[in-house]
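Subject: Structure for your review

Dear colleague,

Please find the structure below, together with its sequence. My notes on what was found in it follow directly after.

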Amino acid sequence: MGFVAVYLIAVCTPFGQRAENALFNSNGANPAWIYDWSGTAYDSPALPPLDQTAMPTLLVGIAVIAAVTLVRRRWWQGCAAAGVVMATLGSKELTRMILPRPDLVGAHVSLIEPSFPSGHVAIPAGLALGAALIASPRIRPYVTAAGMLWLAVTAGAVQATYHHRPSDVLGSTLLACACYSLAARLLPPAAAPDVTRRPRALPAIALALSAAGALVAGAREDSVTQSLVFAAAAFLCAALFWFTTTEGAAHSARRTRPAPG
């Protein structure tokens, strides 16, 4: 429902299109703070999964999930983790092909190409959520925190370099969260992710690091307003990620709790 709402409001209304188109100016990607690490600059390194590192990042992530599955021998969880990654990317490709972007405001030709949802954001969202499913209970909180930071930085970077709009990154995150929630509910109770006891300070630290990463990655030198909007959208992606993993574990705990007596 959240995915559909974001699409209808941001893509299918003149108000939404004008609001997002106003976030782009003629300066291009150069003023982005993360420009030198986005792969956009000539012969510059790209932080995974930006630019040409997207496919290698995806392949390495799937290989890591497969290796952890073999080591832990958690076959149901491993299949669910791989399914989350594949379902996220597959649904991203499908929705991007079938969901049109009507030109409702007479936008410049550079702004009418469909970009909803973001493929670059779908990769860290899917991989991090898959890793949270297969990780052992002891390290799962730290995997979740690292995934939040990675997602926030990626979402901020693709906006600041004008590759995607805020609705694009939110759409991909919502797709990944939906796939994770479905996988967590379909797992047999014995294989469902446990509720893990997180260090008391970890949620605050994870959220603070994600906010800082979103602010730095989404910042631009030519506009404070754009920087704040991009950072807010990126941080919201991280918050959705945290809420989904926490709620999924809580739901699994309710399923596995023995009945009284």
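Rings of Phe, Tyr and Trp (for Trp, the six-membered ring) are treated as a pair if their centres lie within 6.5 Å; planes under 30 degrees apart count as stacked, over 60 as edge-to-face, and the rest as tilted. The model is a predicted one, in which local features need pLDDT of at least 70 and side-chain atom pairs count only at pLDDT 80 or more, while totals for chains, interfaces and linings use all residues. Residues are numbered from 1 along each chain as its sequence is written, and side-chain values use heavy atoms, with hydrogens and water left out.

Aromatic pairs

The structure holds three aromatic pairs. In one of them, Tyr7 and Phe116, the ring centres are 5.5 Å apart and the planes stand at 35 degrees, so this pair is tilted. Tyr7 belongs to helix H1 (residues 2-10) and Phe116 to the loop between H4 and H5, so the pair ties together parts that are 109 residues apart in sequence. Helices here are DSSP runs (H or I, at least four residues), numbered from the N terminus. Tyr7 and Phe116 are buried, a term that means under 20% relative accessible area, with exposed meaning over 50% and partly exposed in between (1.4 Å probe, protein chains only). Together with Phe3, Tyr7 and Phe116 form one aromatic cluster.

The rings of Phe24 and Tyr162 have centres 4.9 Å apart and planes at 65 degrees, so that pair is edge-to-face. Phe24 sits in the loop between helix H2 (14-21) and H3, and Tyr162 in the loop between H6 and H7, so the pair ties together parts that are 138 residues apart in sequence. Both Phe24 and Tyr162 are buried.

Nonpolar cores

A nonpolar core is a set of buried Ala, Val, Leu, Ile, Met, Phe, Trp, Tyr and Cys residues joined through side-chain atoms within 4.5 Å. The largest core has 44 residues, of which Leu133 and Val169 touch the most other members. Several helices each supply at least two residues of this core, among them H3 (54-72), H5 (119-134), H7 (166-186) and H9 (224-256). H5 provides the largest share, nine residues. A second, separate core of eleven residues includes Phe24, Tyr35, Ala107 and Tyr162.

Contact means heavy atoms within 4.5 Å. Leaving out residues up to four places away in sequence, Val169 touches Ser118, Val121, Ala155, Val158, Gln159, Ala233 and Cys237.

Ser118

Ser118 is placed in the loop between H4 and H5, and at 0% relative accessibility Ser118 counts as buried. Its side chain makes a polar contact with the side chain of His164 at 3.3 Å. Such a contact is a pair of N or O atoms within 3.5 Å; within protein, one must be able to donate a hydrogen and the other to accept it, and residues adjacent in sequence count only if both atoms are side-chain atoms. The side chain of Ser118 also reaches the backbone nitrogen of His120 at 3.4 Å.

Cysteines

With a disulfide taken as a pair of cysteine sulfur atoms within 2.5 Å, the count comes to zero. For Cys12, the nearest cysteine sulfur is that of Cys237, 19 Å away; Cys12 is partly exposed at 29% relative accessibility. For Cys179, the nearest cysteine sulfur is that of Cys177, 9.3 Å away, and Cys179 counts as buried at 15% relative accessibility.

With kind regards
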